[in-house]
Amino acid sequence: MTEPAPSLAELAGRFGVATAYEDWTGRQVPVPDTTLVGVLGALGVAATTEPERQAALAAHDRGYWSRPLPPTIVGRVGAETPLWAHVTDGQPAQIRVQLEDGTVRHDVRQVDNFTPPFELDGRWVGEASFVLPADLPPGYHRVHLRSGADEASTALIVSPRRLPRLGRRAWGLATQLYSVRSRRSWGVGDLADLTDLAVWSASRHGADYVLVNPLHAAAPTAPMEPSPYLPTSRRYVNPLYLRVEAIDEFAYLRKRGRVRRLQAHAQQRAAARDSIDRDAAWAAKRAALELVYRVPRSAGRELAYAAFRAREGAALDDFATWCALAEQFGADWHHWPQELRHPAGPAVAEFAAEHRAAVDFHRWLQWQLDEQLGAAQSRAGAAGMALGIVADLAVGVHPHGADAWALQEVLALGVTAGAPPDEFNQRGQDWSQPPWRPDRLAEQEYQPFRALIRAMFRHAGGLRIDHIIGLFRLWWIPDGAAPAHGTYVRYDHEAMIGIVALEAHRAGALVVGEDLGTVQPWVRDYLAERGVLGTSILWFERDRDGAPLPAERWREDCLSSVTTHDLPPTAGYLAADHVRLRARLGLLTRPVEEELAADRADRAAWMAELRRVGLLGAHTDPERDPEDTVLALHQYLGRTPSRLLGVALTDAVGDRRTQNQPGTTDEYPNWRIPLAGPDGTALLLEDVFTDPRAAALAEVLHGFVHAAPNGPR
């Protein structure tokens with residue numbers, strides 16, 4: 001394959017589009033011209049022909065020189081921040097900084113800049129360089145420029161240099177909330193169940209957090225999207241997780257008998273199925289919620305609701321309007337009447353006015369979710385948790401959903417995000433999600449991203465960011481192309497991670513980045529430098545020779561666990577359930593016998609490591625006696641220096657079925673598996689509280705967090 005034309009390569013470089021990349025084997029792979037043209041097109045750049053490329057390069061130059069200041073300036077506490085300013089050549093320029101609290105700083109230093117001036121529409125524009133002082137506080141500030149009669153301003157984001165470490169080592173549970181049902185939930189685990197799980201694990205076993213799957217909103221229509229990683233909105237929450245009876249106004253509802261009947265029906269439907277039925281649960285719960293919504297609110301409650309609406313502003317209005325539109329026209333806004341396909345259209349405003357109650361119902365649902373999430377976090381802290389709820393942020397959103405509709409200007413159209421081929425997915429992955437446009441994010445001062453991250457921290461003591469590498473670079477696939485025929489697009493990671501760090505700093509929370517898979521080494525170093533924890537999964541922790549990585553060599557600034565939601569619970573993994581499942585679904589790239597043999601060798605290596613350090617008996621059979629092996633594997637976690645230790649709730653109760661099988665949609669009931677015991681019988685949350693297996697595993701981790709970092713030998 002030939003290299004791209006110089007003009008195409010230059011254009012790609014200016015927009016952060018990779019013309020080649022290193023694959024998982026270390027081989028340099030050139031990117032086809034068709035991919036470069038498609039990705040640039042998604043960035044609003046026509047690049048098919050040489051004249052188009054030359055015109056685009058000239059337009060890029062003009063855009064740069066016509067801007068008085070950078071669209072967004074990003075700095076760190078304790079470091080000077082450079083910036084440029086464009087003024088009429090020869091004119092003096094003055095820079096001042098206005099801090100969030102209104103304080104104005106004039107101690108800005110000008111430095112040499114020998115860039116030649118640029119002719120712009122008959123005017124020569126010069127470039128001046130400045131350095132902002134290193135003692136600016138963290139926050140969202142503004143930089144102001146004055147040159148003669150001209151004035152301009154731009155955003156200045158100053159983030160903390162490094163997030164502080166958690167004061168002590170901690171352990172917690174990881175769970176898929178929808179699967180954790182109780183006697184009072186409506187066939188799907190809810191926020192009251194989350195609260196109870198947190199209180200039990202903290203008060204009985206010293207847990208410091210519960211890491212929960214993304215609670216992002218799904219479309220309020222059937223069939224409801226089961227994947228928490230393909231939401232309609234990441235900023236707002238799925239009302240399926242509401243506990244109806246926990247809403248204040250429920251106490252004043254006259255038709256409580258009808259609500260009880262709806263609840264009983266939902267529970268009966270759930271008991272008759274071996275998978276989660278979101279549609280049935282939502283139909284029953286929605287009917288009940290409408291009844292509660294109509295109950296008059298007290299004056300104080302009206303004030304609280306008004307305050308919530310004011311804080312959320314237009315974003316909440318857009319989301320609620322989309323929900324009401326989706327209920328009438330379907331969940332894919334691309335198929336709505338043309339005049340409704342953009343939130344700013346007058347027809348949308350008319351619809352919202354005509355359907356005021358329907359729109360307000362969806363606003364009200366988000367208020368109730370905000371209150372119940374706040375209660376969960378508050379009670380987790382009161383029970384003794386240092387962190388409480390650790391939220392999970394998905395990579396992106398559904399292409400037909402509320403965020404894709406409301407944020408059209410900052411999402412790239414004509415491409416989807418995914419991943420290049422790797423050892424486990426040799427054809428690559430297409431996640432079908434529209435990625436952020438890095439140029440538009442900067443132009444909008446990262447406001448949509450700032451709002452998203454702030455919302456995630458509102459009621460959480462920590463945030464896990466799925467595929468955090470996507471804040472550095474993301475694999476873009478042009479529409480119609482195979483996943484392997486994409487390329488990386490670079491993001492301003494200093495801005496993206498800086499915003500995450502600033503919001504975490506303000507919330508007093510920590511950040512965990514899911515940094516598994518192919519990761520450039522410098523990225524992990526950068527994240528560690530910023531105080532962002534990494535992720536270690538035991539089965540993937542190996543040295544350069546492929547042998548299990550000894551516990552003492554694991555990373556310290558890390559959340560470590562034995563398994564993850566894309567693998568079976570450990571009891572199932574020990575029995576090679578994941579291999580047999582992939583074989584049954586036709587997902588293997590080599591004969592099943594070879595795959596089983598390789599998997600057996602991998603597990604045997606880990607069993608040998610457990611025996612080497614004295615955690616597993618010589619005659620213990622992991623497949624026949626998984627409980628002892630699961631305990632030994634988690635004891636091994638305790639010997640690592642990792643700051644955070646995690647236990648999957650499925651491991652605690654001996655469950656075997658995986659929650660998600662990558663590479664499938666409906667071929668396997670992904671994200672629809674209820675919590676169960678070793679024999680496959682469904683377990684309720686109340687059963688977990690009295691399960692001796694869960695108590696034993698929790699106490700193993702509890703003991704280690706009070707020991708020295710490397711644990712007792």
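**View 1. Buried side of helix H8 in the predicted model.** Ala-347, Val-348 and Phe-351 are buried in helix H8, which spans residues 346-354. They lie on the same side of H8 because they cover an arc of only 100° around the axis, the arc being that of the directions from the helix axis to the C-beta atoms. Buried means under 20% relative accessible area, exposed over 50%, and partly exposed in between, with a 1.4 Å probe and protein chains only. Exposed residues Pro-346 and Ala-349 sit on the face of H8 turned away from its buried side. Helix H7 (299-329) and helix H10 (402-406) are what the buried residues of H8 pack against. Helices (H or I, at least four residues) and strands (E, at least two) are DSSP runs, numbered from the N terminus. This is a predicted model, in which local features need pLDDT of at least 70 and side-chain atom pairs count only at pLDDT 80 or more, while totals for chains, interfaces and linings use all residues. Residues are numbered from 1 along each chain as its sequence is written, and side-chain values use heavy atoms, with hydrogens and water left out.

**View 2. Domain 2 and domain 3.** The domain assignment, which is automatic or from a database, gives domain 2 as 214-383 and domain 3 as 533-679 + 689-704. Their C-alpha centres are 36 Å apart. In contact (heavy atoms within 4.5 Å) are 8 residues of domain 2 and 7 residues of domain 3. About 630 Å² is buried between the two domains, and carbon and sulfur atoms give 63% of this area. Buried area is the accessible area (1.4 Å probe) that two parts lose on being put together, summed over both.

**View 3. The cis peptide bond at Pro-223.** The bond from Ala-222 to Pro-223 is cis, with omega near -5°. Pro-223 belongs to the loop between strand E14 (216-217) and strand E15 (233-237). Most peptide bonds are trans.

**View 4. Positive phi at His-467 and Trp-671.** Most residues other than glycine have a negative phi. His-467 has a positive phi near 50° and lies in the loop between strand E19 (462-465) and strand E20 (473-478). With a relative accessible area of 22%, His-467 is partly exposed. Phi of Trp-671 is also positive, at about 60°. The loop that holds Trp-671 runs between helix H19 (649-653) and helix H20 (685-689). Trp-671 counts as buried, at 5% relative accessibility.
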